[in-house]
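Work through the exercises below with the structure at hand. Each task is followed by its solution in steps.

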Amino acid sequence: MNNFSFFHNLGMKYPIIQGGMAWVSDSSLAAAVSNAGGLGLIAAANTPTHIVKEEIRKAKLLTDKTFGVNIMLMSENAEEIAQLVCDEQIKVITTGAGSPGKYLKMWKEYGITVIPVVASVAMAKRMAKEGADAVIAEGGEAGGHVGEITTMVLLPQVIDAVDIPVIAAGGIGDGRGIAAAFMLGASGVQVGTRFLVSKECTIHQNYKDKVIKARDIDSVVTGRPTGHPVRVLKNRLTRQYSELEKAGASLEQLEALGSGALRKAARDGDIDNGSVMAGQIAGLIKKEQTCQEIIEEMFAQSQERMNALKSIGIINE
Ligand code: TUI
């Protein structure tokens, strides 16, 4: 299957997937991205199963396009969500923060397209071998739970290692990022942080404003000692966290500080004491737009970049 038919078969006009962001990616965002020609996803991370089901039902009313569900494999209810997506006839799943291996057989039986997020070549190879339809290679520039290596180095190595489509993620916030991903051989892109600041994204305005105000150096990875490193924007919480880390706090103390913190920021708007997950590309994002404006602007800009390379002879016609 060529790369175009992979996305075309999912009813997409543009090869862009919305990141499955916990406490962020609900039916409103997922439907808006799918309606705009991308692939929207509802995030089922740390969210009660009945709420995920409600969001799936709402999205079905908001769009007649294909949308997916993102399953965070560290969630306590991952097993329940794995079954729910089959019952609800979801067509596409992305997974994060672990290996979806044990669910792959069941999902394939239901005809679901499975696209795991990977942060290493080894994981990408394992997923391809176990029957994944594509992988999302996510560099450590991304927001939220991250791996160690950057998109620039991860992407070409994953592309060389597997023969399924590879979608680039981490640090892509405009058309230049899309063009760069294509240059490295990606079949498509996943975008998270830029969609945080979309009109249809229902997070608290304080969170959006903090992303808009962020500079290039304003994110930090916390939680390395716990084994669950997450990239967030610096604030009172991250300062408190690093002080505790320096003081040799126990893993339990560190986990306790992080627990519920994302919800506090995203839903309650407490951007000082909450966890404001965002990627390093936040510094590039300056205004709120609709998902349609974001997607169309990004692809027009990537086209412009590629045409510019043709006009100076770096790419042949
Ligand atoms: O999953 C994400 N990003 C996330 S999940 C999340 S929810 C959360 N809340 C509180 C604490 C921690 C997380 C927020 N952001 N991105 C996809 C991703 N997956 N990035 C890296 C990975 C990954 C890492 C290791 C995928 C597979 C993997 O394999 C480990 C193994 O099992 O070998």
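**Exercise 1.** State where Met152 lies and whether Met152 is buried or exposed.

Solution. Met152 belongs to helix H7 (residues 151-161); helices (H or I, at least four residues) and strands (E, at least two) are DSSP runs, numbered from the N terminus. The model is predicted: local features need pLDDT of at least 70, side-chain atom pairs count only at pLDDT 80 or more, and totals for chains, interfaces and linings use all residues. Residues are numbered from 1 along each chain as its sequence is written, and side-chain values use heavy atoms, without hydrogens and water. The relative accessible area of Met152 is 58%, so Met152 is exposed (buried is under 20%, exposed over 50%, partly exposed in between; 1.4 Å probe, protein chains only).

**Exercise 2.** Describe strand S8 and its pairing partners.

Solution. In S8 (residues 166-169), Val166 and Ala168 point one way, Ile167 and Ala169 the other, and all are buried. S8 runs parallel to strand S6 (residues 135-138), joined by four bridges; pairing requires at least two DSSP bridges. Here Val135 is opposite Val166. Strand S9 (residues 188-191) is also parallel to S8, over three bridges, and Gly188 in S9 is opposite Ile167.

**Exercise 3.** How many disulfides are there, and what is the nearest cysteine sulfur to Cys291?

Solution. Counting pairs of cysteine sulfur atoms within 2.5 Å gives zero disulfides. For Cys291, the nearest cysteine sulfur is that of Cys201, 7.9 Å away, and Cys291 is in no disulfide. Cys291 has 0% relative accessibility and therefore counts as buried.
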